[in-house]
Amino acid sequence: MPSSDTMTFGSAMPAVSVHRKRRSLAAHATAYALSAPALFLMGLLLIGPVLVVLMMSFTDYSLGNASFEWVGLANYAEMLEDDVFVKAIGNTLLYVGIVVPASVFLGLGTAMLIESLTFGRAFWRAVYFLPVMATLMAMAIVWEFMLNARFGMISQLLTLLGLPAKNWLQETSTALPMLMVIGIWQALGFNMVLFMAGLTSIPRDLYEALELDGGSSSWSRFWTVTWPLLSPVTLFVVVITAIRSFQVFDPVHVLTKGGPNNASMVLIYQLYQEGFDFFRSAYAAGLTVVFLVFIFAITWVKSRVMEKNVHY
Amino acid sequence: MAAVGIHAIQKSFGSTDVLKSIDLAIEDGEFMTLVGPSGCGKSTLLRIIAGLEAQDAGSISIGGKAVDDRRPSARNLAMVFQSYALYPHLTVGQNIAVPLRMRNLSMTERLPLVGRLSPKAAGKKVEIDRQVRRVAEQLDIAHLLDRKPKQLSGGQRQRVAVGRAMVRDPNVFLMDEPLSNLDAKLRVHMRTEIADLHRSLGTTFIYVTHDQAEAMTMSSRIAVMMEGDLIQVAPPAEVYDDPADIRVAEFIGSPKINILSGIVTNQGTVGCNGVEIGIQPDCPAGAEVKLGVRPEKLEIAGPAPGRLTAEIRHLENLGPDMLVHLRMRDEADPIVARCPAENLRTARVGDQVGLVFSPGDVLVFDGTTGLRQPSRFAVPAPEKIHA
């Protein structure tokens, strides 16, 4: 009896597994068929353009040309020789390196100050958020007016104090710093609102527990509760500000056009010039790839840090 | 260890008076439970003792000294919060260490890198680690020291919160509904543990709860609060057997005490549902009174003249005992009797039965104020009639 049992069992096995395989194939086919439209659209709209840009960066295509040649890494080799590109990369990194920490810490400080107010919170929140709501293009014109050497209010104020007025946006030494000031001014309000949301989500009883545990100074409140509990928000704010700072374009375009003498040239503005002023589409594609590499790098660092440190 | 004095504490939020002049003396080493329904002001009172909330009037003293102008950190209290309030980014060990780090290390010694340079700080940190381990072993959580609060169960978090409170030697332990987030079984278990902890530490405990069972099982004394007033302060047995107010009688005890309405007769006894109850309260004839009888003091008997009668509506078998839910004519609230199950073998839902109780077990309350009325047994004291 046992042998016949084993026999039946043994012979039944392959049949079952073949049957299962067939069924799972069928199930998979259905799943692929159902997700095909979404996958197709994702490929077409999200991944496709990136691949096209990557391929274009290996050609010598110019806008309006009827044909192109494959030139391998020639565009990238040219970048290394290109003084404007080197300047643009340097300026962009410097811009990000200043604007991100400044707007993050000022945003956090502003948020904490406003949250500590007993009244008038809504007013100050609106005031600091104003630059975020106004388009940067329009606000750039306001800044241009304010910074005008002859009748700008900043220059007038300096003259009043007996200090020399400058043509801030036209001088090599001040053009980029001025753009940074505008960048910080704009990002601060957005970061502040995010930090405010983060601050209100910290449970009050943690501060009360700390108070009873003996931590009564604002210093220990900040380091023991506020800062660690804000770390997910802080990471998010840093990443968002970094990506937006890498993309800085509007004020450069309106106020300095990357000048004087490329002193305020940044990556995206060079990309715009190469692509739409000089019609060197392939070179612009190469610059786009460089830009995307930076963005991917930030995103990668973010997800690594996120995994390790800032989840509770 | 210290005694806590609460003198004429008042507090209102906007136009609502949350605490209406509370006076309470808590003795050194006592387990005092503040109990009452939600919104009675018990948590506010605890927060005022802790210094987390400022009173509008009155004074708090700890160990005989007024502490009203002291910050919470300077009052040397430890508190277990309802939410446990564990620091989510710190491990269990670091959570328990916070009170010691805050009090024993200077600001620079607490810094992650600079702190390592000081040899004195290193010695202190070893001592802190030793204390944390001692407490963790006492609470049976030593194996969890490296975990984050997120990775713990509710009961384990509760222990960590207790550990953080007991790691240093506070004057008083404050506990704000510490068991309310636990499941029923664990809550019963933790009652014993907290009572044990109080016995072994000998420190003053002030415990806030809305659960009368917690108050009854753990406390040396219970302070019953209602609508911002302190109604009765007494040991658990006294609060149960000798409540000062009908609200206390109704709040303490489960199932709830049975309340019957009655009127004082010309003979001075109480008429209730056409039956004369052999008890003489100190009230004028014609006064309305409320009679309270605990469910376990009621017995079920056959209907007879001169006996309160009721209809059985539902029988709840608890094993050794049976809860008999009864409906009496002219009484709005149902009556519950708790009787040994073997006495009720033949009882069926729908039966008309008589209710028997000893006049000595009847608590008389004023019909309008709800205050307890002293009463005597009518002479001759009627015999208890058995079924």
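This report describes the domains, nonpolar cores and selected residues of a predicted model.

**Domains and overall form**

Chain B is assigned two domains, domain 1 (4-241) and domain 2 (256-377). Chain A is likewise divided into domain 1 (1-56) and domain 2 (75-308). In chain A, domain 1 contributes 4 residues to the contact with domain 2, and domain 2 contributes 8 residues.

| Chain | Domains | Distance between centres |
|---|---|---|
| Chain A | domain 1 and domain 2 | 47 Å |
| Chain B | domain 1 and domain 2 | 42 Å |

Along its principal axes, chain B occupies a box of roughly 90 × 45 × 35 Å, as judged from its C-alpha atoms. Its secondary structure amounts to 10 helices and 22 strands. Of the 387 residues in chain B, 51% are buried. Among contacts in chain B with a separation of 6 or more, 65% join residues 24 or more positions apart.

**Nonpolar cores**

The largest nonpolar core has 99 residues, and the members that touch the most others are B:Ile6, B:Leu45, B:Leu174 and B:Ile206. Apart from this core lies another, of 36 residues, which includes B:Ile96, B:Ile141, B:Phe205 and B:Tyr207. Beyond its neighbours within four places in sequence, B:Ile206 contacts B:Val4, B:Ile26, B:Met32, B:Leu34, B:Leu46 and B:Ile49, among others. The contacts of B:Ile206 also include a run of residues made up of B:Val172, B:Phe173, B:Leu174 and B:Met175.

B:His7 belongs to strand β1 (residues 4-13) of chain B. Its relative accessible area is 38%, so B:His7 is partly exposed. Leaving aside neighbours within four places in sequence, B:His7 is in contact with B:Ile22, B:Asp23, B:Gly58, B:Ser59 and B:Ser61. B:Asp183 lies 176 residues from B:His7 in sequence, and their C-alpha atoms are 36 Å apart in space.

B:Gln131 is placed in helix α5 (residues 119-138) of chain B. This residue counts as buried because its relative accessibility is 17%, which falls under the 20% limit. With neighbours within four places in sequence set aside, B:Gln131 is in contact with B:Leu100 and B:Val167. Between the C-alpha atoms of B:Gln131 and B:Glu299 the distance is 56 Å, and the two residues are 168 positions apart along the chain.

**Cysteines**

The structure holds 0 disulfides over all chains. B:Cys272 takes part in none, and the nearest cysteine sulfur, belonging to B:Cys283, is 14 Å away. The closest cysteine sulfur to that of B:Cys283 is in turn the one in B:Cys272; at 14 Å it is too far for a bond, because a disulfide requires sulfur atoms within 2.5 Å. B:Cys272 is buried, with a relative accessible area of 0%. B:Cys283 is also buried, at 16%.

**Helix α4 of chain A**

Helix α4 of chain A covers residues 121-133. With 13 residues at 1.5 Å a residue, α4 should span 18 Å, and the distance between its end C-alpha atoms, 18 Å, therefore agrees with that expectation.

Conventions: Residues are numbered from 1 along each chain as its sequence is written. Chains are lettered from A and ligands numbered from 1 in the order in which they are written. This is a predicted model: local features need pLDDT of at least 70, side-chain atom pairs count only at pLDDT 80 or more; totals for chains, interfaces and linings use all residues. Side-chain values use heavy atoms; hydrogens and water are left out. Domain bounds come from an automatic or database domain assignment. Buried means under 20% relative accessible area, exposed over 50%, partly exposed in between (1.4 Å probe, protein chains only). Helices (H or I, at least four residues) and strands (E, at least two) are DSSP runs, numbered from the N terminus. The expected span of a helix is 1.5 Å times one less than its number of residues. A nonpolar core is a set of buried Ala, Val, Leu, Ile, Met, Phe, Trp, Tyr and Cys residues joined through side-chain atoms within 4.5 Å. Contact means heavy atoms within 4.5 Å.
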